[in-house]
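User: I'd like to learn how to read a few features of a protein model, one at a time. Could you take me through this one?

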Amino acid sequence: MPFITINCGAIPETLIESELFGYEPGAFTGANKNGSPGKIELANGGTLFLDEIGDMPLDMQAKLLRVLQENQLVRVGGRKVLTINARVIAATNKNLVEEIAKGNFREDLYYRLNVIKIVLPPLRERRADIPLLANSIVKKVCSRMGLPLKKISPQVLEALTSYHWPGNIRQIENCIERMIVFN
């Protein structure tokens, strides 16, 4: 089962439609001559993870809503309707209810996505998770760099646990990787 991710905030507005829905040959200048499936199509039979959904442009939210509602899509420049069956997980660091009030997020898309809501508190509110998380990050970084597994001293774990971590998990990952590189 595929697990396909897309960062909705990292793709330029001009490309997000073709990234999500795919495109047919000749759909636009610079397109692959064979066309390309989009992330939604690639997730068929599996899961699509829409990261930073709160940063998706409003016009794309309407198109995404239609796909989620109908379980069908048409590639950019195409005519053939493709049936899609994929679970959708969406994440954001924004308060979508506030974004709806500001006119930045579609309320109907919010309710389509908000079937099961999981709120993950910031790392500073889950200090008991830090030692387990830190050891997991060390393992991942050492493996990726081809280094022998490093052990975190109790003093370093204490310092990691007491820090505020305004950048959450990305910040602690960066910090631990830096420690591994310089040790």
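**Reading the model**

Analyst: Let's start with Met145, which is found in helix α6 (residues 130-145). Helices here are DSSP runs of H or I with at least four residues, strands are runs of E with at least two, and both are numbered from the N terminus. This is a predicted model, where local features need pLDDT of at least 70, side-chain atom pairs count only at pLDDT 80 or more, and totals for chains, interfaces and linings use all residues. Residues are numbered from 1 along each chain as its sequence is written, and side-chain values use heavy atoms, with hydrogens and water left out.

User: Is Met145 buried, exposed or partly exposed?

Analyst: Buried means under 20% relative accessible area, exposed means over 50%, and partly exposed is in between (1.4 Å probe, protein chains only). Met145 has 33% relative accessibility, so it counts as partly exposed. Between Met145 and Ala43 there are 30 Å in space, C-alpha to C-alpha, and 102 residues in sequence.

User: On to the sheet. In what order do the strands come, and is the pairing parallel or antiparallel?

Analyst: The general idea first: strands of a sheet pair through backbone hydrogen bonds, either parallel or antiparallel. Two strands count as paired if DSSP finds at least two bridges between them. In this model 3 strands make an open sheet, ordered β1-β4-β7, with parallel pairing. The edge strands, each pairing on one side only, are β1 (3-7) and β7 (87-91). From one strand to the next, the twist averages 15 degrees; angles like this run from 0 to 180 degrees between N-to-C directions, with axes as lines fitted to C-alpha atoms (for helices, over the stretch in contact).

User: How many bridges join β1 to β4, and which residue is the bridge partner of Ile4?

Analyst: β1 is joined to β4 (residues 47-51) by 5 bridges. Ile4 has Leu48 as its bridge partner in β4, while Thr5 stands opposite Phe49. Another 5 bridges join β4 to β7, where the bridge partner of Leu48 is Val88.

User: Which residues of β4 lie on each side of the strand?

Analyst: In a regular strand the side chains alternate between the two faces of the sheet. For β4, one side has Thr47, Phe49 and Asp51, the other has Leu48 and Leu50, and all are buried. That's 5 of 5 residues buried.

User: What is phi near for Asn71 and for Asn168?

Analyst: Most residues other than glycine have a negative phi. Asn71 has a phi near 55 degrees, a positive value, and so does Asn168, also near 55 degrees. Asn71 is in the loop between α3 (58-70) and β5 (72-74), whereas Asn168 belongs to helix α8 (residues 168-181). Asn71 is partly exposed at 42%, and Asn168 is partly exposed at 27%.

User: How many aromatic pairs does the structure hold?

Analyst: You describe such a pair by the distance of the centres and the angle of the planes. Rings of Phe, Tyr and Trp (its six-membered ring) pair if their centres lie within 6.5 Å; planes under 30 degrees apart are stacked, over 60 edge-to-face, and the rest tilted. There are 3 pairs here. One of them is Tyr110 with Tyr111, edge-to-face at 5.0 Å centre to centre and 75 degrees between the planes. Tyr110 is buried at 10%, but Tyr111 is exposed at 54%. Tyr163 and Trp165 are also edge-to-face, at 4.6 Å centre to centre and 75 degrees between the planes. Tyr163 is partly exposed at 38%, and Trp165 is buried at 3%.
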